[in-house]
Amino acid sequence: MFGAIPLLIVPFVLYNLGLLGIFGGGDDPWAIQMFSIRMMSGGVFSMTLGDLIVLIGLLLFFVEILKSTRTTSASIMDHLLSTFVFVAFLVEFLLVKGAAHSVFFILMVIALVDVLAGFSVSMRAASRDITMS
């Protein structure tokens with residue numbers, strides 16, 4: 001049951017929680033610096049909240065690709081729900097002022113690639129299951 005839930009809904013919800021001010025106020029909550037590390041080269045590596053959400057989205061995207069290789073009836077529902085998540089990203093990107101941000105756009109593109117790759121991988125895996133006599 002829970003295997004059919006698209007994981008990319010997590011960054012979608014996190015982004016919307018950030019728009020509500022859960023992670024801190026200000027004009028751009030995605031620019032909040034989470035941590036910084038001084039490197040041996042002398043440079044400073046820093047990660048913002050927006051970078052962290054994109055990283056979470058990429059990790060969940062990897063899991064979604066692994067899930068798309070299943071050839072069960074739940075995978076069809078997973079692809080359908082992933083398509084709905086992408087449509088939700090697209091509608092919010094077009095209609096909500098706070099979603100007009102590069103972090104949200106990158107998450108939306110990840111959701112689009114998830115939909116396209118999920119269907120492609122599933123069709124490829126399903127064609128291997130069919131045996132011709």
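From the N terminus onward, the elements of this chain follow the order α-β-β-α-α-α. That gives four helices and two strands, where helices (H or I, at least four residues) and strands (E, at least two) are DSSP runs, numbered from the N terminus. This is a predicted model, in which local features need pLDDT of at least 70 and side-chain atom pairs count only at pLDDT 80 or more, while totals for chains, interfaces and linings use all residues. Residues are numbered from 1 along each chain as its sequence is written, and side-chain values use heavy atoms, with hydrogens and water left out.

Of its 133 residues, 32% count as buried; buried means under 20% relative accessible area, exposed over 50%, and partly exposed in between, with a 1.4 Å probe and protein chains only. The accessible surface comes to about 8,300 Å², and 74% of this belongs to carbon and sulfur atoms. Such areas come from the Shrake-Rupley method with a 1.4 Å probe; for residues, only the protein chains shown count as cover. Contact means heavy atoms within 4.5 Å. Among contacts between residues at least 6 apart in sequence, 61% join residues at least 24 apart.

I turn to the annotation. In UniProt, an unreviewed entry marks residues 7-24, 44-66, 78-96 and 102-123 as "transmembrane region". UniProt positions are given in the numbering used here, feature names are shortened, and annotations may be inferred rather than shown by experiment. In the model, residues 78-96 are 95% helix and 0% strand, with 26 Å between the end C-alpha atoms. Residues 102-123 are 100% helix and 0% strand, and there the end C-alpha atoms lie 31 Å apart.

Next, the aromatic residues. Rings of Phe, Tyr and Trp (its six-membered ring) pair if their centres lie within 6.5 Å; planes under 30 degrees apart count as stacked, over 60 as edge-to-face and the rest as tilted. By this rule there are eight aromatic pairs. One of them is the tilted pair of Phe-35 and Phe-45, at 6.2 Å centre to centre and 55 degrees between the planes. Phe-35 belongs to strand S1 and Phe-45 to strand S2 (residues 44-48), ten residues apart. Phe-35 counts as partly exposed because its relative accessibility is 37%, and Phe-45 is likewise partly exposed, at 38%.

A further tilted pair joins Phe-89 and Phe-104, with 5.1 Å centre to centre and 50 degrees between the planes. Since Phe-89 lies in helix H3 (residues 73-95) and Phe-104 in helix H4 (residues 102-129), the pair ties together parts that are 15 residues apart in sequence. Both Phe-89 and Phe-104 are buried. They also belong to one aromatic cluster, together with Phe-12, Tyr-15, Trp-30, Phe-93 and Phe-105.

Which residues does Glu-64 contact, leaving aside neighbours within four places in sequence? They are Ile-5, Pro-6, Leu-7, Leu-8, Asp-78, Ser-82 and Asp-114. Glu-64, in helix H2 (residues 49-68), is buried because its relative accessible area is 2%. Gly-50 is also placed in helix H2, and its relative accessible area of 1% is why it counts as buried. With neighbours within four places set aside, Gly-50 is in contact with Trp-30 and Val-103. The C-alpha atoms of Gly-50 and Gln-33, 17 residues apart along the chain, are separated by 9.0 Å.
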